[in-house]
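Dear colleague,

Please find the structure below, handed over for your reference.

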Amino acid sequence: MSYTENPHKYETGFFYKRELPCIQELLKLTDINQIHTIVVDGYVYLNNEKKPGLGHYVYTNFSGEIPVIGVAKNAFHDNEAFVKKLYRGNSSKPLYITSVGMELAVAAEHIQSMYGEYRFPHLLKLLDKQTKEARL
């Protein structure tokens with residue numbers, strides 16, 4: 001497990017400041033040439049004007065060579081143009097999918113096909129739990 005010293009505190013609209021350094025450190029331990037797609041817990045775009053979110057910063061960090069899919073649990077105001085609502089399992093609450101470097105419909109298909117019978121894919125749920133435990 002890789003840790004980042006002194007991560008930024010959460011700032012509304014600037015989630016990437018806290019999360020991007022952690023992702024950068026983790027990917028230093030990986031052969032980037034073996035990565036097809038990166039999935040982030042958050043948005044690629046934060047609004048209809050394409051204000052960059054965490055996913056966009058991850059994408060540009062790798063020179064736009066690795067597609068990024070954003071998976072968010074909650075909707076943002078004024079953010080419908082580049083978002084696809086995705087319903088998984090028996091949930092009446094959608095996931096909010098965004099992407100860059102890959103068509104949105106294809107990104108949503110990838111998330112839809114991930115293992116797990118519930119709203120949030122099993123692997124993403126495990127990662128969410130692991131990262132929360134690491135912050136404690």
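Helix α1 (residues 15-28) contains both glutamate 25 and lysine 28, which are 3 residues apart, about one turn of the helix. Helices (H or I, at least four residues) and strands (E, at least two) are DSSP runs, numbered from the N terminus. Please note that this is a predicted model, in which local features need pLDDT of at least 70 and side-chain atom pairs count only at pLDDT 80 or more, while totals for chains, interfaces and linings use all residues. Residues are numbered from 1 along each chain as its sequence is written, and side-chain values use heavy atoms, with hydrogens and water left out.

Glutamate 25 and lysine 28 form a salt bridge, with the closest N and O atoms 2.9 Å apart; the term denotes a side-chain nitrogen of Lys or Arg within 4 Å of a carboxyl oxygen of Asp or Glu. Lysine 28 counts as exposed, at 62% relative accessibility, whereas glutamate 25 is partly exposed, at 27%. (Buried means under 20% relative accessible area, exposed over 50%, and partly exposed in between, with a 1.4 Å probe and protein chains only.)

The structure holds 2 salt bridges. In another pair, lysine 73 meets aspartate 41, the closest N and O atoms being 3.3 Å apart. This pair links distant parts of the chain, since lysine 73 lies in the loop between β2 and β3 and aspartate 41 in strand β1, 32 residues apart. Lysine 73 is partly exposed at 26% relative accessibility, as is aspartate 41 at 35%.

**The sheet and its helices**

Strand β1 belongs to an open sheet of 4 strands, ordered β1-β2-β4-β3, with mixed pairing. Two strands pair if DSSP finds at least two bridges between them. β1 (38-41) and β3 (84-86) each have a single partner strand, so one side of each is left without a neighbour in the sheet. β3 pairs with β4 (residues 95-100) in the antiparallel sense over 3 bridges, and tyrosine 96 in β4 is the bridge partner of lysine 85.

Helix α3 (residues 104-112) packs on the sheet and touches β1, β2, β3 and β4, contact meaning heavy atoms within 4.5 Å. The direction of helix α3 makes about 130 degrees with that of β4. Helix α2 (residues 54-61) lies across β1, β2 (68-72) and β4, running at about 150 degrees to β1. For these angles, axes are lines fitted to C-alpha atoms, for helices over the stretch in contact, and angles run from 0 to 180 degrees between N-to-C directions.

Yours sincerely
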